[in-house]
Amino acid sequence: MAGTRTGAQGTAQEPTALKRALTTPLLYFFILGDVLGAGVYVLVGQVAADAGGAVWVPLVVALLLALLTAASYAELATKYPRAGGASHYATRAFGPFAGFVAGFCMLAAGIVSVAALARGFGGDYLSAFVTLPVGLVAVVFLGLLALVNARGIKESTRANVVATVVEVAGLAVVVVLGAWLLLRGDGDPGRLTDLGTPEKGAAAAVLSGAVLAYYSFVGFETSVNVAEETRDPRRSYPRALFGALATAGAVYVLVGLAASAAVPTDRLAGSSGPLLEVVKEAGGVPPELFSVIALVAVANGALLTGIMSSRLAYGMARDGLLPGALTRVLPGRRTPWAAIAVTTGPAMLLALTGSVATLASTLVLLLLVVFLMVNTAVLVLRRDPGKAGHFRTPVVLPVLGIASCVLLATQIEAAVWLRGLAIMAVGTVLAAIGAARRSRRGDEGAGQPADVEASRPG
């Protein structure tokens with residue numbers, strides 16, 4: 001991999017180096033847009049079904065759990081600002097075998113997510129305006145996203161800024177309508193303190209609801225894969241990450257308050273479009289408006305996840321964990337076209353052949369495995385001082401992050417575990433094959449970045 005690696009100081013002149021184009025505001029909107037995805041438009045009802053009318057409580061708990069792992073990402077992303085994210089961190093901490101497993105889980109989760117979002121784009125929301133074959137829409141949709149991705153990180157994130165503004169505006173409409181319902185006396189603020197269901201007490205209901213609400217905050221982890229394309233990651237990344245999560249948490253809590261107060265809990269829990277119930281209850285806003293907003297949210301989430309997947313594949317290839325051909329970039333744009341093509345292809349295939357429910361159900365489990373490795377890697381890599389000035393999280397936070405991953409994993413259904421373990425088994429076998437090949441070649445260090453050899457704890 002000579003000539004394709006970036007050392008500890010960075011070598012922007014290398015032919016495969018990525019262009020540093022992201023400012024703090026662009027990175028903030030990148031993370032916010034990824035977190036404020038399509039999930040919030042459907043999850044509020046499911047959280048209400050599990051937790052009762054006080055939807056805002058599990059949302060706050062989920063935010064706090066997400067911030068634990070986010071703190072670990074902030075330290076590692078500013079300490080090692082490279083594309084590759086969790087794969088790169090696991091490689092440094094535990095070696096190329098663990099790095100491949102972490103990267104494979106992230107890649108699988110990203111590709112699965114994009115495929116599911118593509119099918120979602122071609123489904124009920126689009127059918128409110130036009131009826132087309134879902135498979136055809138998904139393939140065209142993914143092709144267009146790949147072109148936007150290949151055009152450039154700045155162009156992609158600028159499109160994300162517009163889409164994020166649309167998403168937030170739609171959620172603001174829900175908050176305003178909920179407040180209007182209360183002011184005119186049609187809502188019920190008493191539901192905001194109603195915790196628990198006939199089947200679950202308050203504590204169990206909060207935990208169950210927090211697991212679902214946690215899904216809404218997933219997405220922040222993708223941003224580490226563009227840290228290398230950020231102008232000043234040590235300064236920008238923590239501000240953008242924590243600012244975006246705090247904004248998303250505030251928006252979610254306000255939406256939860258508005259929805260719970262405006263709509264009876266049973267009706268909210270039984271709806272597949274719970275925020276649309278708020279619009280119908282208040283009146284004055286066309287229901288088609290939320291179909292448009294949902295389509296924007298789905299497209300934006302797919303674009304950002306596609307960016308993550310391609311940068312992760314690029315970073316793994318540069319670390320020697322995937323074929324070196326994936327480090328090829330467009331001469332002028334400096335975007336990883338080969339990685340974009342390789343991650344888009346499987347997503348198209350899955351979108352044509354897979355079920356949305358089957359594709360989406362393993363996503364969180366795969367990410368919990370990755371989060372567990374990242375929180376552990378922070379503690380291991382404390383032996384490496386890194387470059388001065390990087391963000392440093394208190395030791396207790398990654399320890400609590402590890403505990404949170406284990407806690408949430410215990411809430412995953414057995415059938416999902418079977419699918420997730422099958423995917424992880426494939427990654428483990430591929431990692432073992434790669435390790436055996438390196439051993440036969442006698443180049444055990446080939447699977448690590450140039451600066452890992454001197455810094456990885458032994």
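The model is predicted: local features need pLDDT of at least 70, side-chain atom pairs count only at pLDDT 80 or more, and totals for chains, interfaces and linings use all residues. Residues are numbered from 1 along each chain as its sequence is written, and side-chain values use heavy atoms, without hydrogens and water.

**Two residues in helices**

Helices are DSSP runs (H or I, at least four residues), numbered from the N terminus. Buried means under 20% relative accessible area, exposed over 50%, and partly exposed in between (1.4 Å probe, protein chains only).

**Around Asn375**

What does the side chain of Asn375 make a polar contact with? Its partner is the side chain of Ser72, at 2.6 Å. A polar contact is a pair of N or O atoms within 3.5 Å; within protein, one must be able to donate a hydrogen and the other to accept it, and residues adjacent in sequence count only if both atoms are side-chain atoms. Beyond four places in sequence, Asn375 also has contacts (heavy atoms within 4.5 Å) that include Leu68, Pro398 and Cys405.

**The core**

A nonpolar core joins buried Ala, Val, Leu, Ile, Met, Phe, Trp, Tyr and Cys residues through side-chain atoms within 4.5 Å. The largest one has 124 residues, and Ile31, Tyr73, Tyr214 and Phe220 touch the most other members. H13 gives this core its largest share, 16 residues. Leaving aside neighbours within four places in sequence, Ile31 is in contact with Phe220, Ser223, Ala240, Leu241 and Ala244.
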